[in-house]
Amino acid sequence: MLPAAAGYDRAITVFSPDGRLYQVEYAIETVRRGTLAIGVKSKDGVVLAVEEKTRKLQISNVTQKIFQVDDHIGVAAAGYIPDARTQVDHARFFAQSNRLIYDEPVDVEGVAKNIADMAQQFTQYAGVRPFGVALILAGVDKNGANLFLTDPSGTYIGYDAVAIGAGSDQVTDFLEKSYKPDVSLEEAAALAVEGIFIVSEDKSSTKSLKMAIIDTKTRAMRKVEDEELEKYAAMAKERSGRRAA
């Protein structure tokens, strides 16, 4: 770090002379070092996929990086996952409050904005630190399928496809070249798997993959089981083979 920046990285409320909040940038760097998470929107729904590296004796049927906020909204996280649980609990409270007050499911963008507002507050007050996690929010509401990204700065942005975590720059380049707006739900799932295989050490097995899908017909989030995941992995390998040929 440059000498001019010395001391300005100690407090969240102090801007550096060049207009930066270093603590927020450090939190964003935490996200970049987390394991990969991908969201892909299709005409039939939304796909969330993550890479989870488990230890030998760890029970892997409990997903640590994919959460359900409401029936129709899911979240994938990258970065400091305990912070993700706090944000997800906050989002669940907001979603259920919306049902009680307005008697209708909450909009996906409303949840994204609420989480971003919460994150922004933790960049503004002394005695706190920013959340070291970014969230991909996916869901189906009255506006159709939606995909949003929130980050530690309090920003939220809508996407057709997005990747966060380690290797996300490389995967983003791949998604920009490969994504098409009229992609089907199965193709979107295969695209997400192919994106994870690009940066994963294990490019053949689905053991470290977790996936959830929210389709426009049921508007309900469901976990993708191993057999279905294997099918998407086979599609991803076939697509990758055709691209390399």
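The legends below describe close-up views of a predicted model.

In this predicted model, local features need pLDDT of at least 70 and side-chain atom pairs count only at pLDDT 80 or more, while totals for chains, interfaces and linings use all residues. Residues are numbered from 1 along each chain as its sequence is written, and side-chain values use heavy atoms, with hydrogens and water left out.

**View 1**
Five strands form an open sheet in the order β3-β4-β5-β6-β7, with antiparallel pairing; strands are DSSP runs of E with at least two residues, helices are runs of H or I with at least four residues, and both are numbered from the N terminus. Two strands count as paired if DSSP finds at least two bridges between them. The edge strands are β3 and β7 (156–158), each of which pairs on one side only, and the twist averages 25° from one strand to the next. Helix α3 (residues 108–121) lies across β3, β4, β5, β6 and β7 and runs at about 160° to β5, where axes are lines fitted to C-alpha atoms, for helices over the stretch in contact (heavy atoms within 4.5 Å), and angles run from 0 to 180 degrees between N-to-C directions.

**View 2. Strand β4 and its two partners.**
Strand β4 (residues 73–79) is mostly covered, with 6 of its 7 residues buried, that is, under 20% relative accessible area, as against exposed at over 50% and partly exposed in between (1.4 Å probe, protein chains only). Strand β3 (residues 66–70) pairs with β4 in the antiparallel sense over 4 bridges; a hairpin of 2 residues joins these strands, and Gln68 has Gly74 as its bridge partner in β4. Strand β5 (residues 133–141) is joined to β4 by 7 bridges, again antiparallel, with Ala134 in β5 as the bridge partner of Ala78. Further along the sheet, 7 bridges join β5 to the antiparallel strand β6 (residues 144–150), where Ile136 stands opposite Leu149 in β6.

**View 3. The enclosed strand β2.**
All 7 of the 7 residues of strand β2 (residues 45–51) are buried, so this strand is largely enclosed by the rest of the structure. In a regular strand the side chains alternate between the two faces of the sheet. Both faces of β2 are covered, with Gly45, Val47, Ala49 and Glu51 buried on one side and Val46, Leu48 and Val50 on the other. Strand β1 (residues 37–42) pairs with β2 in the antiparallel sense over 6 bridges, in a hairpin with 2 residues between the strands, and Ser42 has Gly45 as its bridge partner in β2. Strand β9 (residues 209–215) runs antiparallel to β2 and is joined to it by 7 bridges, with Val50 opposite Lys210 in β9.

**View 4. Lining of the largest pocket.**
The largest pocket holds about 480 Å³ of space. Of the 23 residues that line the largest pocket, Leu149, Val162, Ala163, Ile164 and Ser168 are the closest to its centre. A pocket is an open set of points on a 1 Å grid over the protein atoms alone, where a 1.4 Å probe fits, with protein on both sides within 12 Å along at least five of seven lines, and lining residues have an atom within 4 Å of a point; grid points are joined across faces, edges and corners, and the volume is the space filled by probe spheres set on the points. Helix α4 (168–178) gives the most to this lining, with 5 residues.
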